[in-house]
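Here is a short tour of how one protein chain packs together. Keep the 3D view open while you read.

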Amino acid sequence: MENTVKRFLSFWLYLICAIGGVLAGLLVMKWSSWSWSARCQTLAILSLIWHVMEEWRFPGGFHYMLNADKSAGHPELYHCYPMNQLSDMLTNLIPILCGCLFLALGSPLYLSMMWFYLCFTDSMGHIVLGHKMKKKYAAQGKRTIYNPGLVSSLLGFLPTFALYLWSFFNAQAPTAFDWAVSAVGCAVLHVICLQLPEKLFSRKDTPYGFNWGSGYFEKFEQGPHSDTG
């Protein structure tokens, strides 16, 4: 089982990039016929795929930032606990697959709006963590709030959030039912995508640690107070 999981982890980024290519093509071809909820949702999924690539590889190091925040003072855990490859893959792949399912169902607004919440909360989360990391690594020369995932949040998620707002006022106003169902659905997905993977798969001796370095944070690992909270 462990080997099967590792094989999947070795190519899942290629899988979501392929999904992104298909969605981008559909968005271009069907822009005029799709509803605004479908357009916005597709843009949000594409932003999430970009977001994952920035967090994992270009430049990568989101795991280091999150684990350094949650396991402060234990640098031996920054590459594996509580976030590891398996838990974070589930956190991101499940929403991408759910988004594709929502599109296949016609993107009713109450489903599409789950992405409206995601676009806002993820962006705010990266801004908050960015300030924490700026303070944490100030002694090592960190002068900005940049962190892996911030660019895709500000240039992908936030514009999509704004486009959702524009569509609410100009094209497709949500009903009370839409607001209620989407809020409940978003809370359920939060549990399934964030809390459950961490509870089920976070282990200090996990075989699925991030084994390719600290990405963006490599230049801040050494120096005074680099391993403190």
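## The aromatic cluster

Two rings of Phe, Tyr or Trp count as a pair here if their centres lie within 6.5 Å. Going by that cut-off, ring pairs join Tyr 64, Tyr 78, Tyr 137, Tyr 146, Tyr 216, Phe 217 and Phe 220 into a cluster. Keep in mind that what you're looking at is a predicted model.

Zoom in on one pair from that cluster, Tyr 137 with Phe 217. Their ring centres sit 5.9 Å apart with the planes at 45°, so this pair counts as tilted. Tyr 137 comes from the loop between H5 and H6, while Phe 217 belongs to the segment after H7, so the pair ties together parts that are 80 residues apart in sequence. Both Tyr 137 and Phe 217 are buried.

Phe 116 is part of helix H5 (residues 109–136) and Tyr 164 is part of helix H6, so here the pair links parts that are 48 residues apart in sequence. Is this pair buried or exposed? Phe 116 is buried, and Tyr 164 is too.

## H2 and its two partners

Next, find helix H2 (residues 36–56) and helix H6 (residues 150–170), whose axes come within 9 Å and cross at roughly 170°. That angle is over 145°, the cut-off for roughly antiparallel, so H2 is roughly antiparallel to H6. On the H2 side, the contact is made by Trp 36, Ser 37, Cys 40, Gln 41, Leu 43, Ala 44, Ser 47, Leu 48, Trp 50, His 51 and Glu 54. H6 brings residues including Leu 150, Val 151, Phe 157, Leu 163, Tyr 164 and Trp 166. Sorted by class, the residues of the H2–H6 contact come out as 13 nonpolar, nine polar and one charged.

H2 also packs against H5, at an angle of about 35° and with the axes 9 Å apart. This crossing is left-handed. H2 puts in Ser 37, Gln 41, Ala 44, Ile 45, Leu 48, His 51 and Glu 55, and H5 answers with Leu 109, Leu 111, Ser 112, Trp 115, Cys 119, Asp 122 and His 126.

## H4 against H7

How do helix H4 (residues 85–104) and helix H7 (residues 176–201) pack, and at what angle? The angle is about 160°, and the axes of H4 and H7 are 8 Å apart. H4 and H7 are therefore roughly antiparallel, and their crossing is right-handed.

From H4, the contact takes in Leu 86, Ser 87, Leu 90, Thr 91, Ile 94, Pro 95 and Cys 98. Facing them in H7 are Leu 189, Ile 192, Cys 193, Leu 194, Pro 197 and Phe 201. By class, the residues of the H4–H7 contact are eleven nonpolar, two polar and no charged.

## Leu 9 in H1

Leu 9 is located in helix H1 (residues 2–30). Its relative accessible area is 8%, so Leu 9 is buried. Leaving out neighbours within four places in sequence, Leu 9 is in contact with Gln 85, Leu 86, Met 89 and Tyr 208. Leu 86 turns up again in the contact of H4 with H7.

## Backbone details in the loops

Some backbone details are worth a look as well. Phe 58 and Pro 59 are joined by a cis peptide bond with omega about 10°, and Pro 59 is in the loop between H2 and helix H3 (62–70). Another cis peptide bond joins Tyr 81 and Pro 82, with omega about 0°; Pro 82 lies in the loop between H3 and H4.

Then there's Ser 107, in the loop between H4 and H5. Its phi is near 50°, a positive value in a residue other than glycine. With a relative accessible area of 2%, Ser 107 is buried.

Key:
Residues numbered from 1 in each chain as written. Predicted model: local features only at pLDDT ≥ 70, side-chain atom pairs only at ≥ 80, totals over all residues. Heavy atoms only, no water. Axes fitted to C-alpha atoms, helices over the stretch in contact; angles between N-to-C directions. Helix = DSSP H or I, 4+ residues; strand = E, 2+ residues; numbered from the N terminus. Parallel < 35°, antiparallel > 145°, perpendicular 65-115°, else oblique. Left-handed = near helix turned anticlockwise from the far one by under 90°. Contact = heavy atoms within 4.5 Å. Nonpolar A, V, L, I, M, F, W, Y, C, P; charged D, E, K, R; others polar. Buried < 20%, exposed > 50% of the residue type's maximum accessible area, 1.4 Å probe, protein only. Phe/Tyr/Trp six-rings, centres within 6.5 Å; stacked < 30°, edge-to-face > 60°.
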